[in-house]
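Subject: The structure I promised you

Hi,

Here is the structure we talked about. Have it open while you read, and I'll walk you through what turned up.

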Amino acid sequence: MGAKHFNLPDPGEGLLEAEIVEWKVAVGDTVKVNDIVVEIETAKSLVELPIPWAGTVSALLVNVGDEVEVGTPIITIDDGQGGSADAAPAAPVESAAPEGAVPTLDEAGDGAAEEEPVKTLVGYGPKAGGTTRRARKAAAPSAASASATPAPAAPAPEPSPAAAPVAAPQGAGGGKVLAKPPVRKLAKDLGVDLTSVPATGAGGIVTRADVEAYAASAPGAAGSPAAPAGTTTAPVAGVGSGAPAYGPFGSGEREVRVPIKGVRKMTAQAMVGSAFTAPHVTEWVTVDVTATMDLVARLRRDKDFKDVKVTPLLILAKAMVLAARRNPEINAAWDEQAQEIVLKSYVNLGIAAATPRGLVVPNIKDADRLDLRGLAEAIGQLTATAREGRTQPADMSGGTITITNIGVFGIDAGTPILNPGEAAILAFGTINRRPWVVTDEAGNETIAPRSVTTLALSFDHRLVDGELGSRYLADVAAILEDPARALVWG
């Protein structure tokens with residue numbers, strides 16, 4: 001047995017490589033089976049990898065920031081039994097936990113290990129902070145010079161840049177820096193050393209605001225790579241993150257070059273493929289949603305909904321599911337290879353979410369089987385997971401129809417691009433008060449202030465003709481205008 005090489009496993013969904021985001025262990029640490037040792041970023045999600053063996057970390061074979069192909073050895077573990085190094089097969093990474101499984105990872109990355117049943121799924125098992133640090137008298141050896149036998153307590157040679165071991169960040173007092181994964185990712189994107197950032201969060205946790213303030217006050221001090229005069233090459237926090245990728249406009253370099261990778265690269269490829277493959281048609285309708293807003297207000301006071309977030313998006317999601325039942329051909333896909341239209345009798349409702357890593361579209365599986373409370377819970381869990389950057393590849397595959405909520409940015413309407421493999425996507429515009437012509441039961445018309453929004457439906461004209469697209473959009477609008485229709489159509 002002895003030294004064992006752990007290879008980067010297949011993250012699934014046809015992805016062939018991943019970036020090393022953060023090592024959770026350092027050379028000399030002792031680990032148990034299923035301890036989390038590394039966090040990787042694929043083009044679709046952040047994934048934490050557990051180690052299948054117990055032993056001592058003898059080498060970290062790749063550095064943070066490296067792009068690594070599936071099957072490449074990334075860490076060596078010495079189980080203390082002697083022998084030559086064996087490689088762990090690059091088994092596919094599981095992306096979903098069994099029913100009832102509860103993650104035990106501490107978001108701050110500094111929790112103590114808890115006793116848990118052995119789990120082999122990514123993101124589960126003992127906490128990231130559960131590994132123990134073995135006392136060392138000398139600097140850790142480089143990966144190139146590490147062997148199955150622990151190095152003697154003598155000064156190690158200067159590690160080479162290509163194989164330098166990576167240790168977990170340490171605070172000024174020698175303890176681990178406390179920061180949530182999205183904050184660590186932001187610091188990495190901005191080139192900020194977390195050990196240099198003053199922490200203002202409760203319990204000494206470094207917050208997003210701390211990182212942004214440090215980056216703004218010390219541009220260029222975080223070790224960004226060299227570039228020609230007037231040009232900077234730097235990573236970005238991602239689409240919709242709200243965090244600056246570099247200093248304030250006009251205060252830094254004249255140009256900044258941003259590497260195209262990760263979610264941004266995958267999103268770009270998907271959108272180009274969709275825009276130039278599916279013939280898009282977009283239709284708009286402006287709707288009086290005063291009754292929907294009244295319903296939202298009542299549900300927020302209802303004790304059955306006290307523990308979930310109720311928003312107009314929830315009512316729209318329910319309306320889209322009900323309208324799909326009335327117009328099932330909208331819930332379809334075009335199979336070019338088989339030359340078939342695939343009609344789906346289930347609704348996996350996608351909701352576009354802006355995250356620190358970019359735009360992702362996780363979907364609620366079998367949304368048509370959920371009642372309103374269940375749908376509210378699913379939306380809340382989906383958005384929380386996306387904002388933490390923890391959406392798994394399986395959660396972003398298999399969607400059948402999508403919502404993009406541009407109204408949260410104060411935008412009235414847009415022409416959304418289809419999510420690949422789907423026939424329709426609906427853009428939900430902002431809701432505002434406008435003067436509106438109201439007709440009473442007697443046919444009398446008056447002008448009154450009402451809550452109004454605009455819906456924009458883009459659809460694939462290969463599958464959806466103008467009649468079908470119009471009927472579907474009209475049904476969604478009808479439910480938002482009068483939510484009581486849901487009782488009849490549900």
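Which residues make a nonpolar surface patch of about 290 Å²? The patch is made by Trp334, Ile341 and Leu343. Patches are built from residues with over 30% relative accessible area and no salt bridge, joining like charges within 9 Å and nonpolar side chains (Val, Leu, Ile, Met, Phe, Trp, Tyr) within 5 Å. The accessible areas come from the Shrake-Rupley method with a 1.4 Å probe, and for residues only the protein chains shown count as cover.

Before going on, a word on what you're looking at. This is a predicted model, where local features need pLDDT of at least 70 and side-chain atom pairs count only at pLDDT 80 or more, while totals for chains, interfaces and linings use all residues. Residues are numbered from 1 along each chain as its sequence is written, and side-chain values use heavy atoms, with hydrogens and water left out.

Tryptophan 334 sits in strand β15, residues 332–335. Helices (H or I, at least four residues) and strands (E, at least two) are DSSP runs, numbered from the N terminus. With 30% relative accessibility, tryptophan 334 counts as partly exposed. For that label, buried means under 20% relative accessible area, exposed means over 50%, and partly exposed is in between (1.4 Å probe, protein chains only).

Now the salt bridges

Side chains of opposite charge can pair when their charged atoms come close. The rule used here asks for a side-chain nitrogen of Lys or Arg within 4 Å of a carboxyl oxygen of Asp or Glu. By this rule there are 10 salt bridges.

One of them joins arginine 326 and aspartate 475, whose closest N and O atoms are 3.1 Å apart. Arginine 326 belongs to helix α5 (residues 312–326) and aspartate 475 to helix α7 (residues 466–481), so this pair ties together parts that are 149 residues apart in sequence.

Another salt bridge is formed by glutamate 336 and arginine 462, at 4.0 Å from N to O. This pair also links distant parts of the chain, 126 residues apart: glutamate 336 is in the loop between β15 and β16 (340–343), and arginine 462 is in the loop between β24 (445–460) and α7. Glutamate 336 is partly exposed, with a relative accessible area of 49%, and arginine 462 is partly exposed too, at 27%.

Then look at arginine 373 and glutamate 377, which meet in a salt bridge of 2.9 Å, N to O. They are 4 residues apart in helix α6 (residues 372–387), which means about one helical turn separates them. Arginine 373 has a relative accessible area of 25% and is partly exposed; glutamate 377 is partly exposed at 40%. Elsewhere, salt bridges that share partners join Glu22, Lys24 and Glu48 into one network.

Glutamate 22 is worth a click. It lies in strand β2 and is buried, with 12% relative accessibility.

And the strands

Two strands pair if DSSP finds at least two bridges between them.

Isoleucine 20 has isoleucine 40 in β4 as its bridge partner.

Last, find strand β6 (residues 55–60). There, 6 of the 6 residues are buried, so β6 is largely enclosed by the rest of the structure. Strand β3 (residues 30–31) runs antiparallel to β6 and is joined to it by 2 bridges, with threonine 30 partnered by threonine 56 in β6. β6 also pairs with strand β8 (residues 73–78), antiparallel over 4 bridges, and valine 57 stands opposite isoleucine 77 in β8.

Happy exploring!
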